[in-house]
Amino acid sequence: MDLLTINSLSLMGLAVLALFLRYLTTILEFIRLIKWSSTVPGPSIGELMENAKKGQILNWFTELREKYGPTFRIWMGRDLLVFFSDPEDVKQLLSNNSLLHKSRNYSSLEPWLGKGLLTSSGEAWHRRRKLLTPAFHFRILSEFKEPMEENCKILASRLREKCNGEEFDIYPYITLFALDVICETAMGIKKNAQMQSQSEYVRAVQRICHILHTKAFSFWQRTNPFFKYTEPGRERDACLRILHDETNRVIKLRRKMLEDAKIQKMADTENLLDNIGKKKRFAFLDMLLISQMEGVDLTDREIREEVDTFMFEGHDTTSSAIGFAIYLLSQHSEVQQEAFEECMILEGNEKENMPYLEAVIKETLRLYPSVPTYARYITEDLQVGKLTLPKGSNISIMTYLTQRDERYFPEPEKFDPQRFLQKDKEQHPFSFVAFSAGPRNCIGQKFAMLELKCSLSYLLRNFEFLPVKDFKPNALPELVTKSGNGIKIRIKSRGN
């Protein structure tokens with residue numbers, strides 16, 4: 001063996017050693033996770049892949065809880081997730097002020113949402129949360145009621161052509177409605193998605209949501225480092241160009257609008273009127289831009305990330321809740337009638353308390369939570385009950401299972417809004433966590449409830465929802481809970 005060969009082999013050996021030493025901590029941590037995971041019951045990766053293909057993950061999770069109890073573990077690729085569904089454990093986890101790092105599951109959203117409020121962690125998250133909280137004050141949100149109602153009218157006009165007794169899937173109508181609402185309230189622009197469902201922007205939003213949902217539950221796509229070069233990866237990037245270009249365009253447009261109106265601080269908006277003498281309405285984006293003008297450390301990229309986050313969370317989650325609520329109302333005529341009567345009495349007062357409709361919404365979200373699970377990454381060993389979870393693992397709070405705990409919800413599969421109207425019954429505060437809880441609770445909860453009340457109230461006053469025989473939605477726990485077979489109903493006009 002000549003000297004050159006010896007030197008080459010030595011260099012290769014040193015390179016391998018350096019690589020090994022660089023990742024030694026990670027390797028040891030992973031070995032520790034594997035060893036620890038053997039002490040907690042759970043299924044094999046093969047079982048996960050088999051049930052993911054069947055599209056019955058939620059039913060499978062229910063079976064796992066029956067088999068292993070309220071706590072079990074699943075390996076998702078190289079990520080260890082420990083699932084919790086007991087409300088007492090959920091309370092401990094969601095109330096933990098140091099358990100604020102999102103799991104790697106959320107990384108698939110970062111090409112679109114960047115380090116916005118949904119995906120950020122640590123100090124960056126604290127800063128964003130503090131900045132954005134005033135934008136979700138109910139006084140400000142109440143200004144969004146008008147565009148919600150305007151878009152409800154368009155939705156109703158489109159649905160009237162279906163008042164012929166035929167069954168149809170109402171979900172595509174709802175998702176376009178929700179997209180119109182969020183475009184107007186988040187960015188201050190009218191997209192007219194309900195009338196122009198084939199627009200490039202609308203198609204990009206719908207397509208990227210589908211791609212990200214598929215990637216989240218595909219073992220191959222989750223672990224493929226060359227995903228961006230695959231066909232779905234290239235399609236995702238094409239959608240991102242459309243979405244980011246549009247958000248950047250609107251940021252420039254709204255900034256110029258504010259400059260032309262000589263608005264430099266929030267106080268300047270108080271007495272500003274529109275063309276017909278009404279108080280001018282400002283979008284979520286406008287509030288961020290004004291904050292930037294007032295000296296808040298906020299770049300245009302960060303503004304885009306928050307607007308895109310609001311677009312994603314406020315569109316998909318609301319569509320899910322409206323769709324499942326309509327399905328459940330169609331199946332329970334007596335509940336629908338009581339909700340209808342309240343909506344007639346309280347028409348125009350959706351900003352106020354609507355006890356029965358709110359109970360319908362909460363019971364819908366109990367059965368079909370828009371976000372079926374919350375996942376966090378553990379940065380230090382964590383004691384939960386009798387378990388000590390190791391650093392590097394992830395916890396997953398299974399909302400879907402927590403809200404089916406028979407101790408707090410007898411006959412858990414039954415749709416019964418009265419559960420949320422029983423003042424005398426003591427309920428565990430963490431048995432219902434559809435909007436999460438604790439420091440990382442849903443910042444848009446009040447916005448979502450206002451939109452849900454406005455839309456359902458308007459639709460109930462105009463239509464009667466009728467069941468489709470033998471239809472039951474196939475709930476899939478994607479990034480947002482969706483029905484794999486749509487939301488099929490029949491409708492009848494109430495004649496007003």
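Predicted model: local features only at pLDDT ≥ 70, side-chain atom pairs only at ≥ 80, totals over all residues.
Trainee: Is Asn 96 buried or exposed?
Mentor: Buried means under 20% relative accessible area, exposed over 50%, and partly exposed in between (1.4 Å probe, protein chains only). Asn 96 comes out at 19% relative accessibility, so the label is buried.

Trainee: Leaving aside neighbours within four places in sequence, which residues is Asn 96 in contact with?
Mentor: Contact here means heavy atoms within 4.5 Å. With those sequence neighbours set aside, the partners of Asn 96 are Leu 382 and Pro 439.

Trainee: How is the chain divided into domains?
Mentor: The bounds come from an automatic or database domain assignment. Taken over C-alpha atoms, the two centres are 28 Å apart, and the contact takes 21 residues from domain 1 and 21 residues from domain 2. The division itself is domain 1 (30-99 + 372-433) and domain 2 (118-349 + 436-495).

Trainee: What area is buried between domain 1 and domain 2?
Mentor: Interface size is often given as the accessible area lost when the parts come together. Here buried area is what two parts lose on being put together (1.4 Å probe), summed over both. Carbon and sulfur atoms give 68% of it, and the total is about 1700 Å².

Trainee: Which elements give two or more residues to the side of domain 1 that touches domain 2?
Mentor: By class, that side has twelve nonpolar, seven polar and two charged residues. (Nonpolar covers Ala, Val, Leu, Ile, Met, Phe, Trp, Tyr, Cys and Pro; charged covers Asp, Glu, Lys and Arg; the others, Gly among them, are polar.) The elements you want are helix H3 (45-54), helix H4 (57-68) and strand S4 (373-377).

Trainee: How many salt bridges are there between domain 1 and domain 2?
Mentor: A salt bridge needs a side-chain nitrogen of Lys or Arg within 4 Å of a carboxyl oxygen of Asp or Glu. A search of the whole structure finds 28 of them. Between domain 1 and domain 2, though, the count is zero.

Trainee: How far apart are Arg 301 and Glu 305 along helix H15?
Mentor: These two form a salt bridge, with their closest N and O atoms 3.4 Å apart. Arg 301 is exposed at 53% relative accessibility, whereas Glu 305 is buried at 5%. They are four residues apart in helix H15 (residues 300-331), so the separation is about one helical turn.

Trainee: Which parts does the Lys 492 and Glu 464 pair tie together?
Mentor: The closest N and O atoms of this salt bridge are 3.6 Å apart. Lys 492 is partly exposed at 43%, and Glu 464 is partly exposed at 26%. The pair ties together parts 28 residues apart in sequence, because Lys 492 lies in strand S11 (residues 488-493) and Glu 464 in strand S8 (residues 463-466).

How values were computed
Residues numbered from 1 in each chain as written. Heavy atoms only, no water.
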